Amino acid sequence: MPIRKDDTPPNRRLGLVNLLLIGFGVLLLVSSFLPNQGMQQVPRVPYSLFVSQVDDGNVRRAYITQEQIRYELKEAPAEGAPSVLATTPIFDMDLPKRLEEHGVEFAAAPPQKPSFITTALSWIVPPLIFILVLQFFARRSMGGAQGALSFTKSKAKVYVPDEESRVTFADVAGVDEAKQELTEIVDFLKSSERYTAIGARIPKGVLLVGPPGTGKTLLSKAVAGEAGVPFFIISGSEFVELFVGAGAARVRDLFEEAKKKAPCIIFIDELDAIGKSRAGSMGVVGGNDEREQTLNQLLTEMDGFAAKDKPVIVLAATNQPETLDAALLRPGRFDRQVLVDRPDLSGRKTILDIYARKVKLAPGVDLDKIAQATSGFAGADLANLVNEGALLAARAMRTSVEQGDLNEAIERVVAGLEKKSRVLQPDEKKVVAYHEVGHAIVGHLMPGGSKVAKISIVPRGMAALGYTLQLPTEERFLNSKEDLEGQIATLLGGRSAEEIVFGEVTTGAANDLQRATDIAEQMVGTYGMSDVLGPLAYDKQGGSRFLGGANNPRRVVSDATAQAIDKEVRTLVDRAHDRALSILRHNRDLMESISQQILEKEVIEGDDLKSLLSSSVMPEDAQAIA
Ligand code: ADP
Ligand code: MG
Ligand code: ZN
């Protein structure tokens with residue numbers, strides 16, 4: 001979609017003013033350097049020569065000004081030499097007397113009058129500069145939208161949906177519920193009379209909530225595209241400026257512009273940049289005034305406009321809904337919240353279909369398989385995946401994208417691009433091999449809906465030195481306590497293998513431990529899976545699980561409970577660790593043989609891996625503790 005600003009950008013205006021000022025300055029400078037007319041091309045001589053020429057009686061007349069004495073000789077010293085000369089006057093009280101003595105005709109110039117231009121400039125320019133500077137600051141603090149020098153213009157870009165680049169709901173897939181809710185919004189915009197006639201209040205604000213890359217921005221563009229109305233797009237961070245008041249002024253300006261173009265949509269991306277909870281930010285020194293003012297202005301504007309027959313609907317997107325100020329979520333503001341979550345299996349398939357249509361796909365490519373292997377991918381990841389696949393195919397001089405390209409693209413997106421440059425030392429490689437095999441064996445024996453599909457000790461991306469890829473065998477929405485315990489044990493499998501084989505641990509398990517502890521904490525705090533602590537949620541707002549990782553603040557609990565929670569988390573992790581150790585000790589020979597193989601081949605996958613892992617056995621004491 002073409003983006004255009006609907007006004008002359010402020011920086012161009014500033015440029016104009018600067019140009020004007022510079023122009024004046026140059027004029028002043030030039031005029032002061034301009035030599036006075038008629039004084040040119042007269043050779044200068046030393047004062048002493050002038051005096052001696054006067055004494056010789058060779059000077060006919062002299063014209064004395066403050067800057068110079070110009071005089072004419074009776075006869076030139078040589079043929080062709082100039083007879084008019086000039087010298088610089090020095091303080092000489094005797095000069096008039098001396099001139100008179102030698103019969104020189106002399107006159108003095110009246111005190112020099114500055115030229116008209118210089119006078120005019122010196123009177124006009126300084127006040128002008130002063131006025132301009134004054135205006136500049138006045139405009140800025142006034143925050144009016146009427147000024148030419150406006151710092152406070154909203155930076156919103158207007159999308160005018162034109163035919164070929166229009167985004168519609170057909171371009172968005174896998175988020176059907178969100179689409180359905182937004183279809184309603186489109187209807188409000190298209191036929192608002194029908195709703196207002198019956199007395200219904202058209203919602204003012206709709207908040208799109210979901211993890212990054214799930215298509216929130218895309219969806220809001222689609223709403224504009226479907227409704228065929230102007231679409232103001234601005235990011236929350238663009239409101240936040242160094243100067244207190246600028247953000248608030250921008251909000252005012254944005255809504256003013258929008259009201260002129262109503263019916264229309266204002267889309268505020270990354271709303272959390274201005275909408276952070278005011279209570280939560282207490283104690284941070286400085287910087288909050290501005291955000292708070294901006295937020296207040298936004299609230300005022302949203303309360304202010306009466307969407308009679310020309311609605312202005314404010315869409316906003318955030319991936320941190322829990323940080324938003326509660327005032328934003330009140331009725332009459334962002335009272336509608338639409339969850340835009342990561343797509344499920346069929347959703348991923350439809351998204352892949354959309355992007356696969358944009359590349360040349362080899363016949364027989366099975367997108368279902370790709371969809372199955374990309375659980376947890378957001379729409380943006382899938383778009384990226386197809387593109388990576390196309391890049392790989394092109395690099396290999398193929399004319400169409402094959403299944404293998406897409407498979408490799410999955411791994412790239414999962415683990416980052418292959419780092420050819422990073423070379424592991426042989427002893428490091430050995431540690432990584434045992435570590436990954438540890439994950440694989442424990443992971444294979446654990447219950448739950450995923451199977452170990454690949455072990456690799458080829459370093460990838462920034463952090464991963466090796467990895468064990470577990471793919472889900474079925475689509476899962478619920479995890480049992482047993483599944484989660486299995487996940488923790490699998491995560492600890494790597495470290496346990498290192499302990500058993502090398503008798504010491506390395507830093508390589510840091511990420512595993514982080515994730516294992518997170519799961520254990522969530523089991524106790526969010527899912528109420530602890531027998532000791534019971535079905536209570538000790539975390540506040542358990543709904544943000546899809547946002548990945550970030551743990552919620554703990555509810556206010558007594559010291560004893562806090563200790564009990566810590567202890568329970570510890571117990572869960574310890575127990576999983578013991579299980580992993582037990583499994584690996586029991587399968588020590590198998591671990592050795594797989595590790596040797598992987599050190600040779602670097603990667604084991606598919607049926608090879610399956611048959612190797614199938615000979616693993618579950619020891620008695622590592623059975624799930626039901
Ligand atoms: P968000 O705003 O939620 O972070 P975006 O809307 O910016 O995500 O998505 C980035 C890109 O990813 C989009 O431009 C689009 O190409 C692709 N994408 C994301 N989600 C979807 C989806 N549900 N359907 C189709 N494409 C998607
Ligand atoms: Mg976005
Ligand atoms: Zn690991």
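Predicted model: local features only at pLDDT ≥ 70, side-chain atom pairs only at ≥ 80, totals over all residues.
Residues are numbered from 1 along each chain as its sequence is written, and chains are lettered from A and ligands numbered from 1 in the order in which they are written. Local features need pLDDT of at least 70, side-chain atom pairs count only at pLDDT 80 or more, totals for chains, interfaces and linings use all residues, and side-chain values use heavy atoms, with hydrogens and water left out.

We can start with the metal. His435 (NE2), His439 (NE2) and Asp512 (OD) coordinate the zinc ion (ligand 3) at 2.0 to 2.1 Å; donors are N, O and S atoms within 2.8 Å of the metal (3.2 Å for Na, K and Ca), and since water is not among the atoms, sites may look incomplete. Along the chain the donors follow the spacing H-x3-H-x72-D.

Turning to ligand 1, its shell holds 14 residues, of which Ala173, Gly213, Lys216, Thr217 and Tyr355 come nearest, where near means a heavy atom within 4 Å. Polar contacts are pairs of N or O atoms within 3.5 Å. A side-chain atom of Tyr355 lies 2.6 Å from a ligand oxygen, and one of Lys216 lies 2.8 Å from a ligand oxygen. A backbone atom of Ala173 is 2.7 Å from a ligand nitrogen.

Finally, five of the seven residues of strand β12 (residues 450–456; strands are DSSP runs of E, at least two residues) are buried, so the strand is largely enclosed by the rest of the structure.

Key: Buried < 20%, exposed > 50% of the residue type's maximum accessible area, 1.4 Å probe, protein only. Helix = DSSP H or I, 4+ residues; strand = E, 2+ residues; numbered from the N terminus. Polar contact = N/O pair within 3.5 Å; in protein donor to acceptor, adjacent residues only side chain to side chain.
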